[in-house]
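Here is a short report on one protein model.

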Amino acid sequence: MDGSARLNNLADVDGRTDDDAVVFGIKNQSIKKGETVEIPFEISNTEAFCGFQFTLEFDKSAMEWGGFSGNELIDISTNHIGQAHLDRGMLTFSWDTKNEVSFPKTETLFNLSFTAKRDMNLNEVLALTSS
């Protein structure tokens, strides 16, 4: 686990190689002040993986963390999300398994929920890093 996850369309995180990096596909969305948005995370480059690790940085002046919902196909829970730096607008993610798992590219791996404090586009307030 080395921060090799990449967020497609919003930001990239450098990893070991492009061949083993997990790329998350997230569509940019316009969000209005007061609106709660569910952000689906999909893996867009592979159907088999053993894990991922990354930090999601968000503009806490623009968004308020609302929560997480997982998927029945893979055991991902709030236990895999570090919230120690939530006050700085950072959520850390770490999930792995001994055996490679298969996951359809069309399925949502998990959802994150945020409430907008102002009008915005997601690509202005989210970044996936290896912090």
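T55 has T92 of β8 as its bridge partner. The model is predicted, so local features need pLDDT of at least 70 and side-chain atom pairs count only at pLDDT 80 or more, while totals for chains, interfaces and linings use all residues. Residues are numbered from 1 along each chain as its sequence is written, and side-chain values use heavy atoms, with hydrogens and water left out.

**Sheet**

β5 and β8 pair in the antiparallel sense over 9 bridges. Two strands pair if DSSP finds at least two bridges between them. Strands are DSSP runs of E, at least two residues long, and helices are runs of H or I of at least four; both are numbered from the N terminus. The open sheet holds 4 strands, in the order β7-β8-β5-β11, with antiparallel pairing. β7 (81–82) and β11 stand at its edges with a single partner strand each, so one side of each has no neighbour in the sheet.

**Core**

The largest nonpolar core has 34 residues. Such a core is a set of buried Ala, Val, Leu, Ile, Met, Phe, Trp, Tyr and Cys residues joined through side-chain atoms within 4.5 Å. Those with the most contacts inside this core are F24, F52, L56, M63, L109, F110 and F114. Elements giving two or more residues to this core include β4 (36–43), β8 (90–102), α1 (122–125) and β11. β5 gives the most, with 5 residues. F114 touches, among others, L56, F58, M63, W65 and L91, not counting residues up to four places away in sequence. Contact here means heavy atoms within 4.5 Å.

**Polar links**

Which residue does the side chain of T129 meet in a polar contact? The partner is the side chain of E57, at 2.9 Å. A polar contact is a pair of N or O atoms within 3.5 Å; within protein, one must be able to donate a hydrogen and the other to accept it, and residues adjacent in sequence count only if both atoms are side-chain atoms. T129 is found in strand β11 (residues 126–129).

The whole structure has 1 salt bridge. R118 forms a salt bridge with D59, the closest N and O atoms being 3.7 Å apart. R118 lies in the loop between β9 and β10 and D59 in the loop between β5 and β6, so the pair ties together parts that are 59 residues apart in sequence. The term means a side-chain nitrogen of Lys or Arg within 4 Å of a carboxyl oxygen of Asp or Glu.

Burial of these residues follows (buried: under 20% relative accessible area; exposed: over 50%; partly exposed: in between; 1.4 Å probe, protein chains only).

| Residue | Relative accessibility and class |
|---|---|
| T129 | 18%, buried |
| R118 | 32%, partly exposed |
| D59 | 26%, partly exposed |
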